[in-house]
Amino acid sequence: MARYTTLFKAASPLDNLRQMLADTLASCELDLIYQNDEYLVAKERPGGVKPARLATVEVLISPPTIAEPAAKVNLVVKNEELALKQNNHCQKIFELVHSAISNNSL
């Protein structure tokens with residue numbers, strides 16, 4: 001299973017942050033399939049690649065605390081493909097989502 005992760009810090013209010021993340025995932029042509037206050041899951045639309053290569057994106061939002069005033073956003077992109085090549089489909093989706101989130105002012 002291929003799996004890529006990264007961590008962001010976000011100063012935006014939580015309600016705005018959730019909406020910005022949902023909009024960013026949609027802009028990457030990912031369908032939001034689950035959302036609650038601290039967790040979003042999006043899947044790649046079928047049809048472009050084999051089913052085992054379809055990527056799932058999980059976003060975990062850790063709210064700010066007194067010790068850490070910025071929210072932490074943990075991004076995980078995974079699929080069932082074995083990551084035998086350095087440049088694989090899951091990594092491409094990870095880079096797409098990572099750059100889209102990085103370009104937003106969270």
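A salt bridge is taken here as a side-chain nitrogen of Lys or Arg within 4 Å of a carboxyl oxygen of Asp or Glu. In this predicted model, Arg-53 and Glu-81 form such a pair, with their closest N and O atoms 3.4 Å apart. Because Arg-53 lies in the loop between β3 and β4, whereas Glu-81 belongs to the loop between β5 and α2 (89-103), the contact ties together parts that are 28 residues apart in sequence. Arg-53 is partly exposed, its relative accessible area being 32%, while Glu-81, at 14% relative accessibility, counts as buried, since the limit for that class is under 20%.

A search of the whole structure finds 5 salt bridges, among them the one between Lys-9 and Glu-68, in which the closest N and O atoms are 3.5 Å apart. Lys-9 is part of strand β1 (residues 2-10) and Glu-68 is placed in the loop between β4 (56-62) and β5 (71-79), so that this pair ties together parts that are 59 residues apart in sequence. Lys-9 counts as exposed at 56% relative accessibility, and Glu-68 as partly exposed at 23%.

A further salt bridge joins the side chains of Arg-45 and Asp-31, with an N to O distance of 2.9 Å. Here Arg-45 lies in the loop between β3 (39-44) and β4, and Asp-31 in strand β2 (residues 30-35), and the pair therefore ties together parts that are 14 residues apart in sequence. Arg-45 is partly exposed, with a relative accessibility of 39%, and Asp-31 is likewise partly exposed, with a relative accessible area of 33%.

Technical notes:
Residues numbered from 1 in each chain as written. Predicted model: local features only at pLDDT ≥ 70, side-chain atom pairs only at ≥ 80, totals over all residues. Heavy atoms only, no water. Helix = DSSP H or I, 4+ residues; strand = E, 2+ residues; numbered from the N terminus. Buried < 20%, exposed > 50% of the residue type's maximum accessible area, 1.4 Å probe, protein only.
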